[in-house]
Amino acid sequence: MGRPALVVLYGSETGNCESIAKTVHENAEQAGFESSLGTLNEYEKFGLLKGGKAVIICSTTGNGDPPRNAEKFFRFVKRRSRPKDTFVGLNYVVLALGDTNYDKFCFVGQTIDKRLNELGAERISDITCADEATGLSDVVEPWKQQLWEILVQDQNRIANDNNNSNDQNMGTNRETTKAISPDTGKNKEQTVKLATDESEASSIKDMNNKMEEPESRKETTSITIERPEVVPEFEGDKKSEILIMYGSATGNAESISKEMHEHASEHGLTSTWGKLNDYKRLNFMDHNLILIVASTTGDGDAPENADRFVRYIKKRTHADDLLRGKTFAVLALGDTNYSRFCNTGNLIDKNLAKLGAIRLMDLTCADEATGLDDVVEPWKGAFWNEVRRYRRSQNNNVEVVPEVASAPLRIKTPTRMVKRLDDALETASTGSTTGLEDSDRIGWSSPSLVHSFD
């Protein structure tokens, strides 16, 4: 028997459904299915009208609208003139994605699930709805695990039905063969009695014994489906001494945060690293020391792997002391060619403090337009110095109070600022005050007032 077939179809606008569908497809191949992957608009190409087994993953956009790559299929199933047996022979399961901030939550997925059933298809399992507003992973990850159990049970049911059908056919053949010998047309028991050659009689008896083999010893056909390996999407223990998270669109924030994660052990810290949108899976609320590296995309928008976290910390329903006892630092990446420079990092920094968390050091902004390294490299050393101070204070049971003296790191356009700082230092050495007036405007303080991180 060949591998069981599975079709995975998705309707996706932002990429979430497509990503989940690709994972399901890859895991299905690994588990022993002959899997096909496509958009819902390709339902005819993948033979959905001919029956089979399908996993459908679809989001809802706007006020209850389907994604563009699902519009054709959505119109097809909604048409009331469709015959009631349009999808007879199809076994399916639906995962619907939506956002409870909108009225028609998961409307498209729910409509597809309902209409397929009305048009003759049979549910393998009830529809599952995941909410982007509160975090997809809390629903999607358990759903993936349960999906394989459901598919295994359904495949075993099909295999058992086939076995029962085969057993009935074999039973009919056994009765016919027992009654008439294919060679002589006589009763086989008479053939055995008349046989004079001992080996011939033994051979015939063996044949009779095989035909009378007990039910318990019959071989059965079954499909073995392995549970696919689940690859973790974060590194480190779920509870460690420091949690490092990133929001990244181009890869810069991800790269910087991963380097900090890898270097944490050199500073005597266990570290956990992952995306901001995975904050629940990373046990964000269980960590007391948190580092966030976040970029800003477009006109002040959060990256796709950070948008849910930003919405979460901006909720007005949170208690003011939700994050009391936590200490954090934010490195924000942005581009001064855009009006809302480092907006995402600023929002995260402001809202974490608003919810009771304490800054380990002031927000640091790095400008991609002039070069990140001029800010990021000094910031790395300063951060680890502040971490050492934080750990000493924890060992001595001293409350960490952020110091304003970390202001020299708040340099947003480093290339232009470095020259102006050099000019200010030169004029200070000659006794002139003109350059120092300029230094005040860029956030620089005289060397005697600069905080030492050691």
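S35 counts as buried because its relative accessibility is 9%; buried means under 20% relative accessible area, exposed over 50%, and partly exposed in between (1.4 Å probe, protein chains only). S35 sits in strand 2 (residues 34–39). Helices (H or I, at least four residues) and strands (E, at least two) are DSSP runs, numbered from the N terminus.

This is a predicted model, where local features need pLDDT of at least 70, side-chain atom pairs count only at pLDDT 80 or more, and totals for chains, interfaces and linings use all residues. Residues are numbered from 1 along each chain as its sequence is written, and side-chain values use heavy atoms, with hydrogens and water left out.

The S35 side chain makes a polar contact with the side chain of H25 at 2.8 Å. A polar contact is a pair of N or O atoms within 3.5 Å; within protein, one must be able to donate a hydrogen and the other to accept it, and residues adjacent in sequence count only if both atoms are side-chain atoms. Beyond neighbours within four places in sequence, S35 is in contact (heavy atoms within 4.5 Å) with L6, V8, H25, A28 and E29.

H25 and A28 are among the buried residues of helix 1. Helix 1 (residues 16–31) has 16 residues and reaches 22 Å from first C-alpha to last. That is close to the expected 22 Å at 1.5 Å a residue, the expected span being 1.5 Å times one less than the number of residues. Just after helix 1, G32 takes a positive phi of about 110°.

The largest nonpolar core has 27 residues. Such a core is a set of buried Ala, Val, Leu, Ile, Met, Phe, Trp, Tyr and Cys residues joined through side-chain atoms within 4.5 Å. I242, L291, W379 and F383 have the most contacts inside it.

Helix 10 supplies the largest share, eight residues. A second, separate core of 26 residues includes L282, V310, L323 and A332.

V310 also belongs to the contact between helix 8 and helix 9. Other residues there include F309 and I313 of helix 8, and L347 and I348 of helix 9. Helix 8 passes helix 9 in a left-handed crossing, meaning the near helix is turned anticlockwise from the far one by less than a right angle (right-handed if clockwise).
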